Amino acid sequence: MDDIAILRSTSLFYDIPESELPILLKHLCPILHSCGKGEILLAYGQSCTAMGILLSGQIEAWRPLSNGDRIPTTQMGPGGIFGDVLGGTQLNSPVTVQMTEPGQVLFFPYERLLTPPTDPISAYSKLLHNLVGSIGNKYFSLMTRVELLTLKSLRSKICAYLLYYAEQAGSNTFSVSHSRTAMAEYLSCERSALSRELSRMQADGLIETYKNSFKLLDRGQIEKLGRI
């Protein structure tokens with residue numbers, strides 16, 4: 001997939017006329033940056049001056065804790081957007097964004113993103129509409145994470161987590177974006193405890209799993225457990 005196709009696949013550039021996209025990109029003045037594995041794109045507490053769209057590679061975002069641990073917030077592949085929530089604010093970044101695989105990022109300076117073009121085009125209005133929608137979706141995703149962490153048992157957390165991905169996929173068979181280690185961090189548990197509980201859930205006939213793919217076998221019971 002080429003860079004333009006990746007941009008058009010993102011929520012930010014959704015439904016923008018193909019004929020107006022080059023004009024819009026010229027106004028936005030994006031900056032292409034090649035990144036190595038482990039490179040920090042945005043550090044916790046750092047001021048943010050641009051929104052980024054991942055064109056290739058993988059990134060993860062996490063919040064550092066005072067004891068040296070960290071709380072993962074998200075992982076993204078090509079088309080992933082970061083820094084959009086901070087646009088036009090005086091807030092510093094609440095997370096660190098880091099490359100986990102080498103790739104390329106296209107940075108969009110806020111100064112250009114939030115300034116209308118001299119010659120008005122419908123694509124710019126659509127871009128702002130999409131930006132607001134993207135921020136809203138991230139807010140609700142954060143609320144989902146908060147609600148998940150308030151559940152008492154690990155099984156309940158796993159069920160709520162799997163239900164979220166099932167709903168996103170519109171199917172009882174789906175893949176999740178986290179590895180087992182990242183999933184354990186997301187659920188705030190030990191990897192060994194997660195593996196044991198997933199094995200027990202398979203033995204109980206609730207799920208089938210292979211690597212990062214899952215199938216809900218008893219969705220009714222999983223929905224019940226995911227609310228406890």
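Author: Two strands count as paired if DSSP finds at least two bridges between them. The model discussed here is a predicted one.

Reader: What makes strand 8 and strand 9 a pair?

Author: Four bridges join strand 8 (residues 207–210) to strand 9, and the two run antiparallel. Within strand 9, Lys215 is the bridge partner of Glu208, and Ser213 stands opposite Tyr210.

Reader: How do you know that strand 7 pairs with strand 9?

Author: By the same test. Strand 7 (residues 173–175) and strand 9 share three bridges in the antiparallel sense, and the requirement is at least two, so they are paired. Phe214 in strand 9 is the bridge partner of Phe174.

Reader: Why are strand 7 and strand 8 called edge strands?

Author: The three strands make an open, antiparallel sheet in the order 7-9-8. Strand 7 and strand 8 each pair on one side only, and they are the edge strands. From one strand to the next the twist averages 20°.

Reader: Which residues of strand 9 are on its covered face, and which on its uncovered one?

Author: In strand 9 (residues 213–216), Phe214 and Leu216 make up the covered face, while Ser213 and Lys215 are on the uncovered one. In a regular strand, side chains alternate between the two faces of the sheet. As for helices, helix 5 (residues 154–169) lies across strand 7, strand 8 and strand 9, at about 105° to strand 7. Helix 7 (residues 191–203) lies across strand 8 and strand 9, at about 130° to strand 8.

Reader: How are helix 5 and helix 7 set against each other?

Author: Their axes cross at roughly 75° and come within 10 Å. That makes helix 5 roughly perpendicular to helix 7, because the term covers 65 to 115 degrees. Leu154, Arg155, Ile158 and Cys159 of helix 5 meet Ala193, Leu194, Glu197, Leu198, Arg200 and Met201 of helix 7. Sorted by type, the residues of this contact are seven nonpolar, no polar and three charged.

Reader: Which residues of the largest nonpolar core touch the most other members?

Author: This core has 38 residues, and those with the most contacts to other members are Phe13, Leu24, Leu41, Met51, Phe108 and Leu127. Strand 3 gives the most to this core, with seven residues. Another core lies apart from it and has 26 residues, including Ala160, Tyr161, Tyr186 and Leu216. Back in the largest core, Leu127 is in contact with Leu12, Phe13, Ile16, Leu24, Leu28 and Leu113, neighbours within four places in sequence being left aside.

Reader: What is Cys29 called on the accessibility scale, and why?

Author: Cys29 counts as partly exposed at 38% relative accessibility. Buried means under 20% and exposed over 50%, so a value in between is partly exposed. Cys29 lies in the loop between helix 2 and strand 1 (31–35), and its phi, near 50°, is positive in a residue other than glycine.

Key:
Residues are numbered from 1 along each chain as its sequence is written. This is a predicted model: local features need pLDDT of at least 70, side-chain atom pairs count only at pLDDT 80 or more; totals for chains, interfaces and linings use all residues. Side-chain values use heavy atoms; hydrogens and water are left out. Buried means under 20% relative accessible area, exposed over 50%, partly exposed in between (1.4 Å probe, protein chains only). Axes are lines fitted to C-alpha atoms, for helices over the stretch in contact, and angles run from 0 to 180 degrees between N-to-C directions. Contact means heavy atoms within 4.5 Å. A nonpolar core is a set of buried Ala, Val, Leu, Ile, Met, Phe, Trp, Tyr and Cys residues joined through side-chain atoms within 4.5 Å. Angles under 35 degrees count as roughly parallel, over 145 as roughly antiparallel, 65 to 115 as roughly perpendicular and the rest as oblique. Ala, Val, Leu, Ile, Met, Phe, Trp, Tyr, Cys and Pro count as nonpolar, Asp, Glu, Lys and Arg as charged, and the others, Gly among them, as polar.
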